[in-house]
Amino acid sequence: MTRESRCPFDPPPAGSAAQDAGPLTRVELSDGSTPWFVTRYAEQRALLSDPRISADVTRPGYPIPANSGSTSSPFSFILMDDPEHARLRRMVTAPFMVKRVEAMRPRVQEIVDQLIEDMLATDGPVDLVQAFALPMPSLVICELLGVPYADHSFFQRNSNALINRQASPQQRRQAVEELVGYLHGLLETKKNQPAEDIFSDLAQRTQKNELSSHDAAMMGVLLLVAGHETTANMIALGTLALLEHPDQLKRLQEEEDPKLVVSAVEELLRYLTITHDGRKRVALEDIEISGHTIRAGEGVIMATDLGNRDPEAFPKPDALDLGRDARHHVAFGFGVHQCLGQPLARMELQVAYGTLFRRIPTLRLATTLDKVPFKHDGSVYGVYELPVTW
Ligand code: HEM
């Protein structure tokens, strides 16, 4: 669905119209299939936490977006069901828990401070994506996983191919193969030279036969891609949204309450919902919901960008209001697949927005909004470039 170019932060008008028409409707995909399209917050949360709904991409009826290529290689546990999903997810849960993530806050602050110093050392304008939004989460996830940051252009190129809807099935397959090959090599290195990082732990699990090398590498791809692409897009798009809402930006800069940056992050996650192509699932059994019957084997797409703009869950949903309590948003999904990295993403975003506008209070766009290249073609929404000056 196409967005209205004058409202680049809002869901596509066709999506909003579908929401007005009711909580469930049908959409047609490019392969001619017509999965259910769930537009309302309450129904989305009900279905995302329903055990009769499957995330297994290999099941017939799973809604496959255009160009996503072969489904025979599940992208690790994000596309699996319990108990296998839970078994694999449990192996990497501990490093993403709030307490462990909070211990990383000083290091994230250090990275943010350094990137801003480097930006200020130039005369501007700079592209905020390359100078700040991408390297910050990329450096952080590399340290956490134990991936050499020197390889970042290699994995960024390949992860871009994975989340770009224009990439051909062939390009996607090649990107997965290259990333998996790279991670196999890295896991071998970690077996011989273990360190305090997630991939060393996964390497040890393969040695103890708790995990196959293939599963470890696929999990590595998931963590590497999910760990920097999402947060990077959120930093850049959130910065743009704040620059375009000067009244809200002023609050962030002037209000002393440290809780404001926490609620600002939740509100920006809700308002922007960067994983904007919906949570995709397939029904395992017939499900009665809001006067409709989803039949076993039918595909279901939960349009969480619309759920996060549902007036029944968020009054005046189209207003960006940094002071509102938006913690119950579904920008991180809901149910068993709810984002594993959310404590890390939250902390990174709090440090990023909290520092950027304090250190550079005169930050502004170095172009006009209509010239900003938005990622209409990606499964994660954001901007390709964000020229800023100060
Ligand atoms: C602003 C940043 C982020 C956003 C908006 C985001 C969004 C999401 C969403 C919507 C899901 C649910 C997928 C579904 O139900 O089908 C998800 C799952 C996941 N996310 Fe994130 N994410 C972010 C950052 C991160 C980070 C930093 C990591 C760290 C590695 C991460 C790792 C994961 C993983 C592993 C899953 C799969 C969980 C499972 O299937 O059990 N994400 N994310």
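The chat below goes over the fold, the ligand shell and the core.

Q: First, what kind of model is this?
A: It is a predicted model.

Q: How many helices and strands does the protein have?
A: There are 15 helices and ten strands.

Q: And why call it as compact as a globular protein of that length?
A: Because its radius of gyration is 21 Å, close to the 21 Å that the globule rule gives for 390 residues. The C-alpha atoms fill a box of roughly 60 × 55 × 35 Å along the principal axes.

Q: What percentage of the residues is buried?
A: Buried residues are 42% of the 390.

Q: Switching to the ligand. Which residues come nearest?
A: Gly227, Thr230, Gly333, Cys339 and Gly341, out of the 23 residues around the ligand.

Q: Which helix gives the most to that shell?
A: H11, with seven residues. Helix H11 (213-243) and helix H15 (342-359) each supply at least two.

Q: How does the shell divide into nonpolar, polar and charged?
A: The shell has 14 nonpolar residues, seven polar and two charged.

Q: OK, the core. Which residues have the most contacts inside the largest nonpolar one?
A: Ala236 and Val300, in a core of 102 residues. The largest share of this core, 16 residues, comes from H11.

Q: What does Val300 touch?
A: Leaving out residues up to four places away in sequence, Val300 touches Pro35, Trp36, Val38, Leu47, Ile53, Arg281, Val282, Ala283 and Ile294.

Key:
Residues are numbered from 1 along each chain as its sequence is written. This is a predicted model: local features need pLDDT of at least 70, side-chain atom pairs count only at pLDDT 80 or more; totals for chains, interfaces and linings use all residues. Helices (H or I, at least four residues) and strands (E, at least two) are DSSP runs, numbered from the N terminus. The radius of gyration is taken over C-alpha atoms; the globule rule is 2.2 Å times the number of residues to the power 0.38. A residue is buried if 20 or more other C-beta atoms lie within 10 Å of its own, exposed if 12 or fewer, and partly exposed in between; C-beta atoms are placed from the backbone. A residue is near a molecule or strand if its C-beta atom, placed from the backbone, lies within 6 Å of it. Ala, Val, Leu, Ile, Met, Phe, Trp, Tyr, Cys and Pro count as nonpolar, Asp, Glu, Lys and Arg as charged, and the others, Gly among them, as polar. A nonpolar core is a set of buried Ala, Val, Leu, Ile, Met, Phe, Trp, Tyr and Cys residues joined through C-beta atoms within 7 Å. Two residues are in contact if their C-beta atoms, placed from the backbone, lie within 7 Å.
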